[in-house]
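Let's take a friendly walk through this protein, one spot at a time. Keep the picture open beside you as you read.

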Amino acid sequence: MTTEQDDIHRRHVTRRDFLGMGIAGGAVILLGQRFSLAAEASRKTDVWVLHGEDKKKLMQAGLKVIAENGGFGKNVKKLTLKVNAAWWRTPKQHANTNPELVDTFLKGCRDQGIKQIVMPENPVDSASKTFPQSGLLAVAKANNVQMINMGAARDLWRNVELPQAKILKKAQVPKDILETDALVNMPVAKHHGGAGLTIAMKNWLGSVKDRRFFHRNDLHQCIADISSLLKPTWSIVDATNIMLDRGPKGPSKNMKKLDLLIISRDQVAVDAYTATLFPKKTAERAKYIRKAADMKLGTADLSRMAVHKLEAS
């Protein structure tokens, strides 16, 4: 880990830190490999990294990036948003997606004329406690968005087969994940005791009925497998405050305020880039990123990413 990267972990990220951090500095270390910036720009995968302390402005800048790069698609009538709302924790504990970011996103979608928005989640803790405590239920209601407790649903699950999978050959996933015009994954980036990290692809565990199968049958490969089925229109990672230990629920004793939003169409790339924000040993444990790349679900090769750094103002 470079001295500059260590500085990022010790304190709040300033604008100068932001512009100098990550692969824009020439190279980063990820999953035990070192990559240089050598690929041609025309072949690179776009990853946008936005910085700003004001969460409303940060997400507004993110929505602008999305609008300028294809948006959510044509004639989008229904959008499904997968947040992380798994844990009975407050917004200040950063175990769930930040509600202010979600609120701004939902308002932006309404402004674009998207009539139906749903937020299905299969929480780990009780939804009756988790959804209100996270602040996400209030945000959903304020924007006339249905937040669905999949843990209590019976007729909203669909049986699916995963032809590309190596281990997870079939699963039950929410109807609204499969039947939508646009699918957006908005996880919070944090440490995870089992997977090393939970970012975008790991967030799909809130979109399956049987999580136990994952934990009993090669967690990393199962995460890659489910990502072969669930392919978001956009991944938007909440890295405003990242949990460096005691994840995924916390509370963490080692939180770092980065004020970052990381966006890409490529969920493997967004995970690979976000992993560089964590200590090397933690990032190396997130083996599902490399497994997903090996399945050609996206790129984990940082030299093949075009990273666009923007200051939200």
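Thr-198 touches Val-188, Ala-189, Lys-190, His-191, His-192, Asn-203, Pro-248 and Tyr-288, leaving aside residues up to four places away in sequence. In this predicted model, Thr-198 sits in strand β11, which covers residues 196-198. Is Thr-198 buried or exposed? Thr-198 has a relative accessible area of 3%, and buried means under 20%, so Thr-198 counts as buried.

Now turn to a pair of helices. Helix α3 (residues 55-68) packs against helix α4 (residues 99-111) at an angle of about 45°, and their axes are 9 Å apart. That angle makes α3 oblique to α4. The crossing of α3 past α4 is right-handed. On the α3 side, the contact includes Leu-58, Met-59 and Leu-63, while α4 brings in Glu-100, Leu-101, Thr-104, Phe-105 and Gly-108. The residues of this contact divide into five nonpolar, three polar and three charged.

Phe-105 also takes part in an aromatic pair. The count of aromatic pairs comes to two. In one of them, the ring centres of Phe-72 and Phe-105 lie 5.9 Å apart with planes at 85°, so the pair is edge-to-face. Phe-72 belongs to the loop between α3 and β4 (78-83) and Phe-105 to helix α4, so the pair ties together parts that are 33 residues apart in sequence.

Here are the buried residues you have met:

| Residue | Relative accessible area |
|---|---|
| Thr-198 | 3% |
| Phe-72 | 5% |
| Phe-105 | 0% |

Methods. Residues are numbered from 1 along each chain as its sequence is written. This is a predicted model: local features need pLDDT of at least 70, side-chain atom pairs count only at pLDDT 80 or more; totals for chains, interfaces and linings use all residues. Side-chain values use heavy atoms; hydrogens and water are left out. Axes are lines fitted to C-alpha atoms, for helices over the stretch in contact, and angles run from 0 to 180 degrees between N-to-C directions. Helices (H or I, at least four residues) and strands (E, at least two) are DSSP runs, numbered from the N terminus. Angles under 35 degrees count as roughly parallel, over 145 as roughly antiparallel, 65 to 115 as roughly perpendicular and the rest as oblique. A crossing is left-handed if the near helix is turned anticlockwise from the far one by less than a right angle, and right-handed if clockwise. Contact means heavy atoms within 4.5 Å. Ala, Val, Leu, Ile, Met, Phe, Trp, Tyr, Cys and Pro count as nonpolar, Asp, Glu, Lys and Arg as charged, and the others, Gly among them, as polar. Buried means under 20% relative accessible area, exposed over 50%, partly exposed in between (1.4 Å probe, protein chains only). Rings of Phe, Tyr and Trp (its six-membered ring) pair if their centres lie within 6.5 Å; planes under 30 degrees apart count as stacked, over 60 as edge-to-face and the rest as tilted.
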